[in-house]
Amino acid sequence: MYDVIIIGMGISGISAAIYAKNSNLNVLIIEENAPGGLLNRINEINNYPGFKKITGPDLSYNLFESIQELNIPYKIDKVIQITLEKEIKIIKTEKEEYRTKNIIIATGRKNRLLNLENELKLLGHGISTCALCDGNLYKDKIIAVVGGGNTALEETLYLSNLASKIYLIHRRDTFRAEPALIDKINKKSNIEILYKSQVTKLIEENKNLSKIEINNEKEIAISALFIFIGFIPNNEFLSNLDILNEEGYIEVNKNYETKINGIYAVGDCIKKEYYQLATAANDGVVASINIIKNSKN
């Protein structure tokens, strides 16, 4: 029996784990993929306290080192479902079943896709959601990026140093990103902006993406399409608990507790106003402190 099990090893989950471990709680982290989550897909971070500049993978590794230094146990496994047995929470994974008094859900988000025919089949074959992971594969090639927010423009700037040309495709007539980013984009000679445009068809050749169709009429030959159009929370396994809103995000109170006593949620998987690294770390700390307080009562 654990005092708390944390699902997710991103910055919010690791922050929660550190506080729980330092208060001598019996804690376990369950992570489906790699420590750090979407951090591993970020090329450069320059707004996190303590670092002038750091890559996402480097910050992920630093966080993982904290887990190792404190000897916090973790399992690489996929959570399938959470069920309740009075005050006990039962976590079922693909490999095992765990019992705990408290749960902190820190599963983050995943990239939203375009929902076009052949899209899933072409992931890894010309379609990507990670510039840092796949950018070098398309050095000196012609590529396209879809999106208009901060992430899309940040990733486009990174890719502009690799690709010979980038078509930046945005469905609106103005970007939603920060003015400083927009200014940098406008100064790049190898970026062509296509406003009021949408990708309407993916055309493949030899099982790889070869062209895209814009607004059901114009075809553009490219080697890759990078998609940055927002996120979907990784909360599918919680559908039986009635703690999700219409968008699939978890609803929590000021202590980051759901309507179910002892089940907390933090970071990018919850409904909140700001999705930043610093706020994610804060979420994990607050949730963990409230579990610590309740365990002493």
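This is a predicted model: local features need pLDDT of at least 70, side-chain atom pairs count only at pLDDT 80 or more; totals for chains, interfaces and linings use all residues.
Visitor: Is helix H5 mostly covered or mostly uncovered?
Guide: Helix H5, residues 150-160, is mostly covered, with eight of its 11 residues buried.

Visitor: Which residues are those?
Guide: The buried residues of H5 are Ala152, Leu153, Glu155, Thr156, Leu157, Tyr158, Leu159 and Ser160.

Visitor: And what do they pack against?
Guide: Their partners include helix H4 (131-134) and helix H6 (179-186). Strands S9 (142-146), S10 (165-169), S11 (191-194) and S15 (224-227) also pack against the buried residues of H5.

Visitor: Turning to the open sheet of three strands, what is the strand order?
Guide: The order is S12-S13-S14, and the pairing is antiparallel.

Visitor: Why is one side of S12 and of S14 left without a neighbour in the sheet?
Guide: Strand S12 (199-205) and strand S14 (218-221) stand at the edges and have a single partner strand each, so one side of each lacks a neighbour in the sheet. On average, neighbouring strands of this sheet are turned by 30 degrees against each other, direction ignored.

Visitor: How many bridges join S12 to S13?
Guide: Six bridges join S12 to strand S13, residues 208-214. Glutamate 205 has asparagine 208 in S13 as its bridge partner.

Visitor: What about S4 and S5, do they run parallel or antiparallel?
Guide: Strand S4 (residues 79-85) and strand S5 (residues 88-93) run antiparallel and are joined by six bridges. Valine 79 has threonine 93 in S5 as its bridge partner.

Visitor: Which residue in that hairpin takes a positive phi?
Guide: Lysine 86 does, with phi near 60 degrees, in a hairpin that has two residues between the strands.

Technical notes:
Residues are numbered from 1 along each chain as its sequence is written. Side-chain values use heavy atoms; hydrogens and water are left out. Buried means under 20% relative accessible area, exposed over 50%, partly exposed in between (1.4 Å probe, protein chains only). Helices (H or I, at least four residues) and strands (E, at least two) are DSSP runs, numbered from the N terminus. Contact means heavy atoms within 4.5 Å. Two strands pair if DSSP finds at least two bridges between them. Axes are lines fitted to C-alpha atoms, for helices over the stretch in contact, and angles run from 0 to 180 degrees between N-to-C directions.
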